[in-house]
Structure formats: structure tokens, C-alpha cells
Amino acid sequence: MIALPSWHIARPRLAWLLLLLWLGGCAGGVHHDAADYTRVAAEIRQHYEAILPDLPMSDRRHYAQRLYRITGEARYLPLNRAYGEQLVEELRAEIPGLSQPAVVAQRAEDARRDYPERTAKQRRRKQMLAEWGDIAYAKGLAFRLTQARYHGLLNDSDLPGYRQALDYLRSLDFRAFVTAPGPLEVYAAQVANLVYYLDELGVADLRQASIQAFRAHYPPERDAGLSRASYRNKIYGMTHFVIAASDYYQRPVSADEFGWILEEFAADLERILRDTKADIFTEVGISFLLAGREAHPAVRRLRDALLARYDAEARMVPAEQGGLDPAQGEHRNVLAIMLLDWPERLYPGPDLSL
């Protein structure tokens, strides 16, 4: 006969109670406190800052820009300045060619040809962009000009002729692109980004037109019939309407303006956690934070779900399939830092013209 522990013999009711509590914890998920969140955020931050010099410039820029905006710490300025200098150099070389139709046509062709096609999602996007002429190139130009503006560099001193670039963007029919079903179905987050870039640059205000088209394309009653890929595209697009409206974590957004998004997130939280990946559901949590809703129960649930994915040995949140490549995971892990250790205020910029 197997000898049972004395506590099990003497206190059977306690044993059953402990078992029930354990089962309940498994069913409902482990709940953490603020100290757990900030500890994990600090571990991820320490890990990434140790390896940051070895990451590509795009990842260094992405990380340093976001860490500056949630901390305001001067130690992130050198990486931001390095990015700003490279950005200005590239745009100065690029802008003169915008007056030459053949050059622009070649740039658009190059952008379409070079779009990655490793995954099914990328192949669908590449096929879609092939139908939209200059947009494949112009969207990237809008992003870089917006970055210059965020950093105080969109001026005649730093970027002579920048108005020529804005005039080129004004010559394109972005309204058709940001309201069409094709782009919204496979490229929703990028569409959301683009409409806010265009507004920020004074090119066109297509925000409401695009949001209306998005809501018509993705009404809640369609959700049950959406594939996982389409559902992820929808949720990711919704997060980017919020994030882009904040100028990428530079200022809070209106909870009233984006109430339709927050309400849908809260109502569909179980499916979001089940059918999206950490990059996406972390941005769902950040959407609540940007709208000043840190006390919403969804935020704690999303933070707990993120900690459940955390690899303490690697000090990072792995990819959906378990990958631990730091460069591939930079986007996901800087978002994790933000969700787990959200600041009391945000810091715009940084203004590199000072």
C-alpha cells in the first residue's frame, strides 16, 4: 500500500479544498499583481537593452522611440538621433526624384516587387498592393515624412524641398485605397496608420471615411464567420486606429471617440485571447491604456495572459510558435514592456531639432 502523507490522512477536507482551489485557479487563470507586471517588464527591458547594439537599425529605432515616449529618459536620445540623421539623409536624396514620373514609377515597381512573400499573409498583401499603383511606394514615404515631423525635422532647414514630397502625396487617390474592401481585408492596421499619417502631414483627412468603411466591412455580426486570419486582421486594425491617433504613444486618446473599439474588445476578450497572438492582444491592452482605462478589468486579464506567455529564462515573450529570436521579437517585447509598466504620462517626440 502507498503511504499517504500525514496531512492527507488527518486533514482530508483541507486536501479537497486545496485541490478545488488549484483547479479553480487553472480554470480562471493565474492572477498577478502590479509588482509581477513591473518585474517582468524590467527583466525584458534589461535583456533588450543589453543586446540592443546588435539589433538592426529599424529595431533600435522602434525600441528607443517607444522607450523614450514612456519614460522621457535622455539615454534613449542617441539612438533616436542616429535614426533621425539617417532618415534626413535618405529623404534629401529621395525627394528630387519625385519630379520625375519615370523615377517614381520605378520606385513603385521596386516596392511591389520587393514586398516579402514568405508567409501566406504576405503573399495576399503583395497581390493586393500590385493593384494599387504608386501606393506601395507612397505609403512608405508618408511614414518617413511623418517620422520626420514627429522629430521636428520636417522643415526647410533639415529637409529642403519637403513640400514637393507632400505635393506628390496629394496627387494620389488615397481615399479609394483606405476605403476599399481589398486593403481593409488584408492590410487593416497599415490602412489605419496611413490615414493618420496623411492627416498629420496635412495631405488629407480620411480618418472618418476609412473608419466608416472599416466598420461597414467588419461589423460585429460578421465575427462568427471570420477565419482566424481575417479576425486577427480586424482586431489588429482596430488597435492601430487607436495607436495611430495617439501619434504612436505621444499623447492619450479620447475614450469616447474610440468607445466602439473598447466596447468590442471587452465584449470579445475571450476570442481575442484565444485566436490572436501576443503582439495583437498586447496592443488591445495598450488601446485601453491610451484611452485612460487602466482600471478596466480587461487590462488585468491581458496582462496576466501576457505573463503566461513569458519565458523567464529567455527574459522575453516568445513568438507564437516559441521562437526566441530577439530581432524578430523586438516589436512584441517592447509592447510587453509598455503594457506591463504603463507610465503616468507620455513624452512626445523626441524633438531632434533642438
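**Entry 1: α5 and α8**

I looked up the handedness of the crossing of α5 and α8 and found it left-handed; a crossing gets that name if the near helix is turned anticlockwise from the far one by less than a right angle, and right-handed if clockwise. The model is predicted, so I kept in mind that local features need pLDDT of at least 70 and side-chain atom pairs count only at pLDDT 80 or more, while totals for chains, interfaces and linings use all residues. I number residues from 1 along each chain as its sequence is written, and side-chain values use heavy atoms, with hydrogens and water left out.

Helices here are DSSP runs (H or I, at least four residues), numbered from the N terminus. I read α5 as residues 77-94, packing on α8 at an angle of about 130 degrees with the axes 10 Å apart. That angle makes α5 oblique to α8. Angles under 35 degrees count as roughly parallel, over 145 as roughly antiparallel, 65 to 115 as roughly perpendicular, and the rest as oblique. Axes are lines fitted to C-alpha atoms, for helices over the stretch in contact, and angles run from 0 to 180 degrees between N-to-C directions.

I listed the contact (heavy atoms within 4.5 Å): Y83, L87, L91 and E94 come from α5, and Y137, L141, F143, R144, L145, Q147 and A148 from α8. These residues of the α5 contact with α8 divide into 8 nonpolar, 1 polar and 2 charged. For the classes, Ala, Val, Leu, Ile, Met, Phe, Trp, Tyr, Cys and Pro count as nonpolar, Asp, Glu, Lys and Arg as charged, and the others, Gly among them, as polar.

**Entry 2: H151**

I found H151 in the loop between α8 and α9 (162-170). H151 counts as buried, at 0% relative accessibility; buried means under 20% relative accessible area, exposed over 50%, and partly exposed in between, with a 1.4 Å probe and protein chains only. Leaving aside neighbours within four places in sequence, I have H151 in contact with Q65, R69, N80, Y83, G349, P350, D351, L352 and S353.

I checked α4 (residues 57-71) against α19 (residues 326-340): the axes come within 10 Å and cross at roughly 5 degrees. That makes α4 roughly parallel to α19. D59, H62, Y63, R66, L67 and I70 of α4 make the contact with A327, E330, H331, V334, I337 and M338 of α19. I read the split as 7 nonpolar, 2 polar and 3 charged.

α3 (residues 34-51) packs on α4 at an angle of about 135 degrees, with the axes 12 Å apart. α3 and α4 are therefore oblique to each other. I noted a left-handed crossing here. In α3, R45, Y48 and E49 meet Y63, L67 and T71 of α4.

**Entry 3: α12**

I found 11 of the 13 residues of α12 buried, among them N193, Y196, Y197 and E200. The buried residues of α12 pack against α8 (135-150), α10 (174-179), α11 (181-186), α13 (207-217) and α14 (228-245). G202 follows α12 and has a positive phi, near 75 degrees.

How values were computed:
Helices (H or I, at least four residues) and strands (E, at least two) are DSSP runs, numbered from the N terminus.
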